[in-house]
Amino acid sequence: MDVPTLIQPGIAIAGEAARFPVRRIFCVGRNYAEHAREMGHDPDAEPPFFFTKPADAAVAGGALPFPSRTGDLHHEVELVVALGRGGTNVDRADALGLVFGSAVGLDLTRRDMQAVAKKLARPWDMAKGFDASAPIAPLTRGLPAPDAAITLTIDGDLRQRGRLSDLIWPIDALIAELSTYVALAAGDLIFTGTPSGVGPIHRGETLVASVDGLPPLELRFD
Ligand code: MN
């Protein structure tokens, strides 16, 4: 048997031939107060927290296979920030200088499996980090406007709506905080959290995830 050759996971960059190489995917949980409340938590008592997905969970939109082992696949529309440089213990004032670009993505979640994991105090990996669990639209250099709207529709029906200005940890604070847990590096993606309105996805529905100023993400599950 030959030593295997690995494929570098990556995502498209709008208007450019080069792809953005994905090193790691970090996600923040409960970074919008209304979403924390809809999940049964008090955002004033419990600060946001981090979890991860594998790098090859990042895929483009379009037609995706419905994930296995779930009867309750949930959408979480999120702004995704891509780092072009890294660091540890990054000062908040320097944090936005690490950003290469941004995109809209979905933090897909096997909500039924996550509920069992929460109840039994087990890890979330299989509820959050499954194959193709991080569909992402093409990246745009820089960041959207600080108060840009973030929305998700299913078959044209508005399900999630928020503003980036509602983030509990804004992007600079998020990067600074995460850099105290791990050494950040070029190629890292950060899912910045979802506004309220998360809910189930069914086969055949068309989802459109948007952040004003960025290319939308359109997808459906067959
Ligand atoms: Mn999320």
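**Figure 1. The manganese site.** Read along the sequence, the donor residues of the manganese ion follow the spacing E-x1-E-x28-D. They are E76 (OE), E78 (OE) and D107 (OD), and they coordinate the ion at 2.0 to 2.1 Å. Donors here are N, O and S atoms within 2.8 Å of the metal (3.2 Å for Na, K and Ca), and sites may look incomplete because water is not among the atoms. E78 belongs to strand β8 (residues 77-83), while D107 sits in the loop between β9 (99-106) and β10 (109-110), so this pair ties together parts that are 29 residues apart in sequence. Helices (H or I, at least four residues) and strands (E, at least two) are DSSP runs, numbered from the N terminus. Both E78 and D107 are buried. Buried means under 20% relative accessible area, exposed over 50%, and partly exposed in between (1.4 Å probe, protein chains only).

A note for all the views: this is a predicted model, in which local features need pLDDT of at least 70 and side-chain atom pairs count only at pLDDT 80 or more, while totals for chains, interfaces and linings use all residues. Residues are numbered from 1 along each chain as its sequence is written, and side-chain values use heavy atoms, with hydrogens and water left out.

**Figure 2. A salt-bridge network around D107.** Which residues are linked in a network of salt bridges? They are K53, E76, D107, R111 and K128. A salt bridge is a side-chain nitrogen of Lys or Arg within 4 Å of a carboxyl oxygen of Asp or Glu. Take D107 and K53, whose side chains meet at 2.8 Å, N to O. This pair links distant parts of the chain: D107 is in the loop between β9 and β10, and K53 is in strand β4 (residues 49-53), 54 residues apart. Both D107 and K53 are buried.

Figure 3. You will find K128 in helix α4 (residues 125-128). Is K128 buried or exposed? K128 has a relative accessible area of 2%, so it counts as buried. Leaving aside residues up to four places away in sequence, K128 touches F51, K53, E76, D107, L108, T109, R111, Q114 and S133. Contact means heavy atoms within 4.5 Å.

**Figure 4. Salt bridges with partly exposed residues.** The structure holds 12 salt bridges. In one of them, the side chains of D157 and R159 meet at 3.0 Å, N to O. D157 is partly exposed, with a relative accessible area of 39%, and R159 is partly exposed at 35%. Another salt bridge joins D222 and R220, with the closest N and O atoms 3.6 Å apart. R220 is partly exposed too, at 37% relative accessibility.

**Figure 5. The five-stranded sheet.** Here 5 strands make an open sheet in the order β6-β18-β17-β13-β14, with mixed pairing. Two strands pair if DSSP finds at least two bridges between them. At the edges stand β6 (62-64) and β14 (157-163); each has a single partner strand, so one side of each is left without a neighbour in the sheet. From one strand to the next, the twist averages 20°; axes are lines fitted to C-alpha atoms, for helices over the stretch in contact, and angles run from 0 to 180 degrees between N-to-C directions. Inside the sheet, β13 (residues 149-154) and β17 (residues 206-211) run antiparallel and are joined by 5 bridges. Look for I154, whose bridge partner in β17 is L207.

**Figure 6. The three-stranded sheet.** This open sheet has 3 strands in the order β10-β7-β16, with antiparallel pairing. Its edges are β10 and β16 (199-200), each with a single partner strand, so one side of each has no neighbour in the sheet. Strand β7 (residues 73-75) pairs with β16 over 2 bridges, in the antiparallel sense. Within this pair, H74 stands opposite P200 in β16.

Figure 7. Why is helix α5 (residues 171-178) described as largely enclosed by the rest of the structure? The reason is that 7 of its 8 residues are buried. These buried residues are I171, D172, A173, L174, I175, A176 and L178. Their cover includes β3 (24-29), β4, β8, α2 (92-95), β9 and β15 (188-191). For context, buried residues make up 50% of the 222 residues in the protein chain.
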